[in-house]
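Biologist: I would like to learn how to read a model of this kind, feature by feature. Could you take me through it slowly?

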Amino acid sequence: MGAFGIPAGASPPLIGGLVFAVALGAYVVAAVHDPRHLWSMIDLDVYRWGGEMARQHRNVYDLKYGGFLSFTYTPLAVLAFELMSHLSLAVLRFVMTGASLAALVVALWVAFGLAGVSGAEQRPRRAGLTLGTAGLVLGLEPVMQTLGFGQINLLLMALVLVDLAQPDSRRWKGAGVGLAAAIKLTPAIFVAYLVLTRRLRAAAVACATFAATVALGFLTLPAPSRRFWFGRLFLNSERVGGVAYAGNQSVNGALVRLFGGVSQARPVWFAAALLIGGGGLLLAAWASRRGEELLGIATCALTALLVSPISWSHHWVWVVLLVPCGVRLLRDPRSALGGTGTGTGGGTGTGTIVGTGGGTGAWIGGWLGLAGLIALFLAGPVRLIWRPPHTGDLEYGWHGAQLIAGNLYVLLGLILLAMTAAYLSRLGPRQGAG
């Protein structure tokens with residue numbers, strides 16, 4: 001017998017499965033003891049309420065859940081929630097939790113495939129990495145919050161990843177991105193990513209899918225659709241909550257807290273959003289052209305989180321990709337000490353990549369892994385962003401270390417963008433078919 005009672009020479013799926021089982025068991029025990037914080041399902045209840053209002057032919061965008069929460073999702077989401085509302089909340093909470101956990105596993109499976117752990121001979125290792133990582137990231141605050149609130153973040157992430165991992169020759173590639181954007185507008189940034197990486201057919205499919213869902217909304221829910229689109233509710237970020245609230249881990253939120261108000265921060269945020277948004281998208285496209293498709297997808301998602309007017313901490317579930325990204329960088333021949341070699345492009349094809357890293361790749365990959373560990377241990381059990389005072393607009397009084405702790409996700413995101421740029425700048429030109 002090996003360590004922790006695991007048989008010596010145990011297969012990777014067994015080890016990964018045990019890690020996932022232990023982590024899931026620990027989460028269940030914690031949720032049972034503190035359901036108010038770890039399994040409140042407040043957002044799931046809002047989804048179900050929105051569906052019930054639609055079934056009663058009421059315009060959900062003119063109502064407030066509990067008198068204070070506005071419904072902010074698209075008309076297509078209302079249709080989906082209308083179907084969900086036929087189930088009781090007691091049943092839905094188990095359905096949503098199970099679906100979210102399954103989506104987490106699927107997303108990581110796809111991500112490790114993009115990281116180069118692919119092929120029939122690699123399936124046991126890929127399964128072990130997928131399950132083990134799924135267990136580890138259950139401790140991430142964004143994942144815990146998503147499961148506790150009954151949010152759909154993990155489902156949307158899996159939908160986008162599965163879609164973007166398809167071969168470029170696949171006719172319906174892009175449909176998943178369009179559908180995700182039709183449910184929650186933020187994933188629309190991946191349309192720009194597809195355009196910049198010259199996958200124009202996939203971008204057109206995404207746009208057509210989005211347009212079809214909007215038309216479906218007008219056909220089935222005409223009044224709510226007019227209110228949402230023509231009433232420009234989709235542009236009103238303040239409907240989803242206080243911009244200055246600590247849970248808003250976007251550049252906009254950080255600037256509002258720093259400058260002491262939304263209007264005071266707006267000019268700086270516009271400039272920052274253009275700079276970070278444009279730079280982040282170009283960086284994501286650059287990664288894809290260098291054969292680092294997973295890094296490109298993760299960078300695009302990170303860019304969206306940073307430039308969105310509001311990115312609640314549970315929206316940051318995309319940080320789970322730090323682990324497969326680190327695996328990809330550390331497995332790549334270009335990341336070896338003094339290494340040069342060939343690499344395989346993610347979703348865009350294969351080609352020869354000449355590297356002149358001289359150890360720089362390993363250095364960058366190691367720091368990416370370290371950043372992932374920082375996010376894991378600080379964002380989950382310690383919940384550092386919630387340590388500074390954060391009720392009654394106390395965020396406006398943050399100073400010193402409070403500003404660092406309270407804006408931790410934003411700072412980590414900016415650091416990761418800079419590290420990605422440093423890594424890509426060390427790669428030589430890619431030669432071969434893309």
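Modeller: We will go from the overall fold to one helix, then to backbone angles and salt bridges.

Modeller: Please keep in mind that this is a predicted model, in which local features need pLDDT of at least 70 and side-chain atom pairs count only at pLDDT 80 or more, whereas totals for chains, interfaces and linings use all residues. Residues are numbered from 1 along each chain as its sequence is written, and side-chain values use heavy atoms, with hydrogens and water left out.

Biologist: How many helices and strands does the protein chain have?

Modeller: Helices (H or I, at least four residues) and strands (E, at least two) are DSSP runs, numbered from the N terminus. In the protein chain they come to 19 helices and four strands.

Biologist: What share of the residues in the protein chain is buried?

Modeller: A residue is called buried under 20% relative accessible area, exposed over 50%, and partly exposed in between, with a 1.4 Å probe and protein chains only. Of the 434 residues in the protein chain, 52% are buried. Contact means heavy atoms within 4.5 Å, and among contacts between residues at least 6 apart in sequence, 72% join residues at least 24 apart.

Biologist: How does the reach of helix α11 relate to the span expected for it?

Modeller: The expected span is 1.5 Å times one less than the number of residues. Helix α11 (residues 200-220) has 21 residues and reaches 30 Å from its first C-alpha to its last, close to the 30 Å expected.

Biologist: Which helices do the buried residues of α11 pack against?

Modeller: They pack against α4 (75-84), α9 (175-183), α10 (189-196) and α12 (222-230); the buried residues of α11 include A202, V205, T209 and G217. T209 counts as buried because its relative accessibility is 18%, and, leaving aside neighbours within four places in sequence, T209 is in contact with A175, G178 and L179.

Biologist: Where do residues other than glycine have a positive phi here?

Modeller: Most residues other than glycine have a negative phi. H57, in the loop between α3 (42-55) and β1 (64-65), has a positive phi of about 60 degrees, and H57 is exposed, with a relative accessible area of 76%. R232, in the loop between α12 and α13 (251-259), has a phi near 55 degrees and is likewise exposed, at 58%.

Biologist: How many salt bridges does the structure hold?

Modeller: A salt bridge is a side-chain nitrogen of Lys or Arg within 4 Å of a carboxyl oxygen of Asp or Glu, and the structure holds six of them. One of these joins E52 to R48, with the closest N and O atoms 2.9 Å apart; both residues lie in helix α3, four residues apart, about one turn of the helix. E52 is partly exposed, at 23%, whereas R48 is buried, at 18%.

Biologist: Which salt bridges link distant parts of the chain?

Modeller: R199 and E293 meet in a salt bridge at 3.0 Å, N to O, with R199 in the loop between α10 and α11 and E293 in helix α15 (residues 293-307), 94 residues apart. R199 counts as buried at 6% relative accessibility, and E293 is buried at 1%. E292 and R328 also meet in a salt bridge, at 2.9 Å, which links the loop between α14 (262-289) and α15 to helix α16 (residues 322-331), across 36 residues.

Biologist: Which residues are linked with R199 and E293 in a network of salt bridges?

Modeller: D168 and K173 are linked with them in that network.
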